[in-house]
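Here is a short note to read with the structure open beside you. Take the points in order and find each residue as it comes up.

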Amino acid sequence: MSRARRENLPLGEPPAPAQLQEAVAGAICEDGIGLDLAFSLFKDVIVPASQAVDHPRYFGFIGYSPAVAAVILDMVQSAVALFGTSWIEGAGSVVAEHQALRWLADLAGFGPTAGGTFMNGGTASNLTGLAVGRDWWQGRNPDDHGRLAIAASSEVHPSIRLAARVLGVDIVPVSGDERGRLTGARLRAVLRATDARVFAVVATAGTTNSGAIDDLAGVASVCERDGLWFHVDGAYGGAALTSPTARDLLIGIERADSLVIDPHKWLFSTLDCSALLYRDARYARAFLRQDAAYLDAMHGGDIWDPTDYGIHLTRRARGVPLWFALAAHGTAAFGAAVDASIRLAQETARLIERTPHLELATEPDLSVVIFRRHGWGIAEYEAWSKQLLRDGIAMALPTVWRGETLLRLCFVHPETTLDDVRAVLDTLAPAAS
Ligand SMILES: *Cc1c(COP(=O)(O)O)cnc(C)c1O
C-alpha cells in the first residue's frame with residue numbers, strides 16, 4: 001500500500017498571519033483574478049503554508065497518512081459528482097460505504113443489526129452517538145425529566161465534553177487507574193456515589209494523549225446491568241482492530257451501543273472520514289431520520305440511506321476512498337500498516353529505556369509513546385519542540401499526563417522508521433541541550 005508523498009513540503013513553523021493575508025489580498029474581487037493567477041496562489045502560497053501532517057516525522061497530535069489509492073479516488077469522486085446522501089441518488093456509493101462499514105462492524109464483532117454512516121470527524125460522531133443514546137435512554141425512562149449526565153474518564157477526548165455542552169447534559173468524571181484507564185470497578189463506585197442521572201458511559205479505545213485503552217469489558221458489564229448506553233470512542237485507537245497483535249486489547253468493544261473509528265486518523269483514508277457505528281442501528285434511524293413530503297421519494301431503497309444515521313442530510317460519500325483502498329490493497333495490508341506503528345512504538349519504548357537521560361512514563365498500548373527527559377521542565381520541552389520544527393527535523397509536542405509535562409510521540413505513518421525516531425531522540429542528549 002503506497003502512500004502519498006510530498007517530498008518538497010518540509011516540516012516548518014506556520015508563517016505569520018499578516019504575511020499570508022497579504023499574499024492572498026485581493027484574490028476575491030468582482031472580476032476574478034483568472035485561473036492561472038488563482039492556481040499559482042493556491043500552489044505557491046496556500047499549499048506551502050499548510051503543515052506536512054503526512055510527513056513520516058510528524059509526531060504531534062495525530063498525524064495523517066492516506067494511501068495513494070484513497071487520495072486518487074478522493075480526487076476522482078468530486079469530478080464524477082458522486083453523491084452520498086441516499087440510495088435513490090447514490091446507490092453505488094451507498095453500497096460501497098456499506099461494505100466498508102460492514103468490514104469495520106465485523107472487526108468490532110457487531111452482529112447483523114449493526115449499521116451507521118461516515119461523518120466528518122470523531123467530534124461529530126461522538127455527539128451523534130451520544131444523542132442517540134440519550135433518546136434510547138429516555139425511551140426506557142419516560143417519566144424521568146431531570147437533567148442527565150454522561151460518565152466518562154478524565155482522559156476522555158474534549159469532544160465528549162463538547163458533546164455534553166451541546167446536549168445540555170453534565171459529565172460525571174471517573175478517575176482512571178495508574179495508567180489512566182477507566183475500569184468497571186471505578187465506574188461502579190462512582191455511579192453508586194453520585195446523584196446524577198447518568199444515561200451513558202463513554203469509554204476510550206485508545207486515548208489521544210497516551211493511547212491507553214479503557215477496560216471495555218468491565219465498563220460494558222456495568223452499562224448492561226444499569227441499563228446505560230455504552231459509547232466507545234475509538235476515533236484513534238479503533239484502527240487497532242485490524243491488527244492481529246493488538247486486537248485482543250479491545251475485547252469488550254463488541255458490546256458497545258455506539259462506536260466511533262476515524263479512518264482519516266489511522267486507517268489511511270483521506271480527510272475527512274469518521275465511521276459512526278451502532279450495534280443496533282434501528283434506534284439511530286428512528287431518531288435521526290429527517291422526514292418531509294419532498295423527502296419521501298428518497299426513502300425508497302431496500303438498503304438503508306447513509307443520511308439517516310447521522311446529523312446531516314446532503315453529504316459527500318466520504319467512505320468511498322476508504323472502500324477503494326481496502327478493495328485495492330486488501331484488509332491484511334491495513335493490519336500490517338497499523339502493526340508497523342505499534343511495533344515502532346514498542347521499539348521506541350525500548351530505546352528510551354536504554355537511554356540514561358530519558359524515562360518512559362508508561363508502557364505504550366498502541367502507537368503513542370510518552371516519556372520524560374530528566375532535568376527538563378515545561379520551558380525546556382516547549383523550546384525544544386519549537387526548535388525541532390524550526391530545524392525541519394520533526395513535529396513533536398509536549399503534553400501533560402497525570403499532572404506532569406512530558407514528551408509525546410504519536411506514530412500513524414507506516415513508513416516512519418526507528419532512525420526517524422533516533423533523529424528526534426538524539427536532539428534530547430545532554431550535550432545538545
Ligand atoms: C481525534 C479524536 C477525536 C476527535 O476526532 P475529530 O475527527 O478530530 O473530530 C475524538 N476522540 C478521540 C479519542 C480522538 O483521538
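1. Start with the classes used for residues. Ala, Val, Leu, Ile, Met, Phe, Trp, Tyr, Cys and Pro count as nonpolar; Asp, Glu, Lys and Arg count as charged; the others, Gly among them, count as polar. With that in hand, look at the shell around the ligand: it has three nonpolar, eight polar and three charged residues. Keep in mind that this is a predicted model.

2. Which residues come nearest to the ligand? There are 14 residues around the ligand, and Gly122, Thr123, Asp233, Asp262 and Lys265 come nearest. Find these five before you go on.

3. Now look at side chains that face oxygen atoms of the ligand. In the side chain of Asp262, an N or O atom is 2.6 Å from a ligand oxygen. For Thr208, the distance from a side-chain N or O atom to an oxygen of the ligand is 2.8 Å. For His264, the corresponding distance is 3.1 Å. On its own, the ligand has 380 Å² of accessible area, and the protein covers 86% of this.

4. Which elements give two or more residues to the shell around the ligand? They are helix H5, residues 122-140, and helix H9, residues 263-266. H5 gives the most, with three residues. Gly122 and Thr123, both listed among the nearest residues, fall within the range of H5.

5. Next, the sheets. Strands of a sheet pair through backbone hydrogen bonds, either parallel or antiparallel.

6. E1 pairs with strand E7, residues 274-278, in the antiparallel sense over five bridges. Within this pair, Thr117 stands opposite Leu276 in E7.

7. The axes of H7 and helix H8 (residues 216-226) come within 7 Å and cross at roughly 35°. On the H7 side, the contact is made by Gly184, Leu187, Arg188 and Leu191. On the H8 side, the residues are Gly218, Val219, Val222, Arg225 and Asp226. By class, this contact has four nonpolar, two polar and three charged residues.

8. Turn to the open sheet of four strands. Its order is E8-E9-E11-E10, and the pairing is antiparallel. What are the edge strands? They are strand E8 (358-360) and strand E10 (397-401), and each pairs on one side only. Neighbouring strands of this sheet are turned by 45° against each other on average, direction ignored.

9. Follow E10 to its partner. E10 and strand E11, residues 404-410, pair in the antiparallel sense over five bridges. Leu397 has Arg408 in E11 as its bridge partner. Helix H12, residues 331-353, packs on this sheet and touches E8, strand E9 (368-373) and E11. The direction of H12 makes about 135° with that of E8.

10. Finish with some backbone details. Where does a cis peptide bond occur? A bond of this kind joins Leu271 and Asp272, with omega about -5°. Asp272 sits in the loop between H9 and E7. Phe268 is also placed in the loop between H9 and E7. Its phi is near 65°, a positive value in a residue other than glycine.

11. A positive phi is found in Phe61 too, where the value is near 35°. Phe61 lies in the loop between helix H2 (35-46) and helix H3 (68-79).

Methods
Residues numbered from 1 in each chain as written. Predicted model: local features only at pLDDT ≥ 70, side-chain atom pairs only at ≥ 80, totals over all residues. Heavy atoms only, no water. Near = heavy atom within 4 Å. Polar contact = N/O pair within 3.5 Å; in protein donor to acceptor, adjacent residues only side chain to side chain. Areas by Shrake-Rupley, 256 points an atom, 1.4 Å probe, with all protein chains shown as cover. Pairing = 2+ DSSP bridges. Axes fitted to C-alpha atoms, helices over the stretch in contact; angles between N-to-C directions. Contact = heavy atoms within 4.5 Å.
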